[in-house]
Amino acid sequence: MKHIIHDYDSLSPKLRSLMRYIYCAQEDLKDGLTQSVYRQNIRELINTGFVGRTVHFVSESALVRAGSVKAVLSKKGKSEGYIWEHMVPYNIVLKKLLDLDISSPDASNIAEKIIEKFTKICVLVKEEDKLLSENGLGHKMPDDWDGEDVSSRYVKTGIQFREVE
């Protein structure tokens, strides 16, 4: 596989792992295996190696309920009434990664840009999370999504949010 990824040796360990997992998941798909362990590995690597516990946005409702961004961030968990939510559902990010031409000289740069752009986390209140599901947007983007605007589901459902600084 090292010969397939052009800049393999120069990649950081986490990016090298990501590219390896993408390659293996693509091979599994070619073999008809749709539930590849590599898909889960990609998710875990994105969550721990790239995104971590970073919150990029917070809904206005969460902010009003908690009183401050600091208070929102200290209340992780559904039992507290807050949801740490991917603004672009993971399955869409995964599809973008698995659609990469792994042999392209800039594949690793593109993969990094996909993760940077589409793995934004927003804290919502439970009612807002339910609103997404009720509008058929729990695990998908709107039908008229431009493929770029990570906030499209929130705009469609009227969820207001602000960037965390």
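## The largest cavity

The residues lining the largest cavity divide into 7 nonpolar, 3 polar and 1 charged. This is a predicted model, and the cavity in question has a volume of about 50 Å³. The structure holds 1 cavity of 30 Å³ or more. A probe the size of a water molecule, rolled over the atoms, shows where empty space is left.

Which residues line the largest cavity? They are Arg-43, Ile-46, Asn-47, Val-51, His-86, Val-88, Pro-89, Tyr-90, Val-93, Phe-118 and Thr-119. H2 and H5 each supply at least two residues of this lining, and H2 gives the most, with 4 residues.

## The largest pocket

The largest pocket has a volume of about 450 Å³. Its lining is made up of 20 residues, and those nearest the pocket centre are Arg-43, His-86, Tyr-90, Gly-138 and His-139.

Which element gives the most to the lining of the largest pocket? That is S2, with 4 residues. Sorted by class, the pocket lining has 5 nonpolar, 9 polar and 6 charged residues. Some names come up in both places: Arg-43, His-86 and Tyr-90 are among the residues lining the largest cavity, and Arg-43, His-86 and Tyr-90 are also among those nearest the centre of the largest pocket.

## The chain as a whole

Stepping back, the protein chain has 8 helices and 4 strands. Along the sequence, these elements follow the pattern α-α-β-α-α-β-α-α-β-α-α-β. The C-alpha atoms fill a box of roughly 55 × 30 × 25 Å, taken along the principal axes.

Of the 165 residues of the protein chain, 45% count as buried. Contacts between residues at least 6 apart in sequence tell us about the reach of the fold: 69% of them join residues at least 24 apart.

## How the helices pack

Two packed helices are described by the angle between their axes and the distance between the axes. Helix H1 (residues 13–30) and helix H6 (residues 107–118) pack at an angle of about 100°, and their axes are 10 Å apart. The two helices, H1 and H6, are therefore roughly perpendicular to each other. On the H1 side, the contact is made by Leu-15, Leu-18, Met-19 and Ile-22, while H6 brings Ala-107, Ser-108, Ala-111, Glu-112 and Ile-115. By class, this contact of H1 with H6 has 7 nonpolar, 1 polar and 1 charged residues.

The buried residues of H5 are Tyr-90, Ile-92, Val-93, Leu-94, Leu-97 and Leu-98. What do these buried residues of H5 pack against? Their partners are H1, H2 and H6.

Phe-50 has its place in helix H2. Is Phe-50 buried or partly exposed? With a relative accessible area of 21%, Phe-50 is partly exposed. Leaving aside neighbours within four places in sequence, Phe-50 is in contact with Lys-14, Leu-15, Leu-18, Leu-45 and Ile-115. Among these partners, Leu-15, Leu-18 and Ile-115 also take part in the contact of H1 with H6. Phe-50 and Leu-18 are 32 residues apart in sequence, and their C-alpha atoms are 10 Å apart in space.

Val-55 lies in the loop between H2 and strand S1 (57–59). Val-55 counts as buried because its relative accessibility is 12%. Not counting residues up to four places away in sequence, Val-55 touches Leu-73, Trp-84, Ile-121, Val-123 and Val-164. The C-alpha atoms of Val-55 and Pro-89 are separated by 15 Å, and these residues are 34 apart along the chain. Glu-165, in turn, is found in the segment after strand S4 (161–163). The relative accessible area of Glu-165 is 96%, so Glu-165 is exposed. Glu-165 and Tyr-82 are 83 residues apart in sequence and 19 Å apart in space, C-alpha to C-alpha.

Definitions and conventions
Residues numbered from 1 in each chain as written. Predicted model: local features only at pLDDT ≥ 70, side-chain atom pairs only at ≥ 80, totals over all residues. Heavy atoms only, no water. 1 Å grid on protein atoms, 1.4 Å probe; cavity = no way out; pocket = protein on both sides within 12 Å on 5 of 7 lines; lining within 4 Å. Points joined across faces, edges and corners; volume = space filled by probe spheres on them. Nonpolar A, V, L, I, M, F, W, Y, C, P; charged D, E, K, R; others polar. Axes fitted to C-alpha atoms, helices over the stretch in contact; angles between N-to-C directions. Parallel < 35°, antiparallel > 145°, perpendicular 65-115°, else oblique. Contact = heavy atoms within 4.5 Å. Buried < 20%, exposed > 50% of the residue type's maximum accessible area, 1.4 Å probe, protein only.
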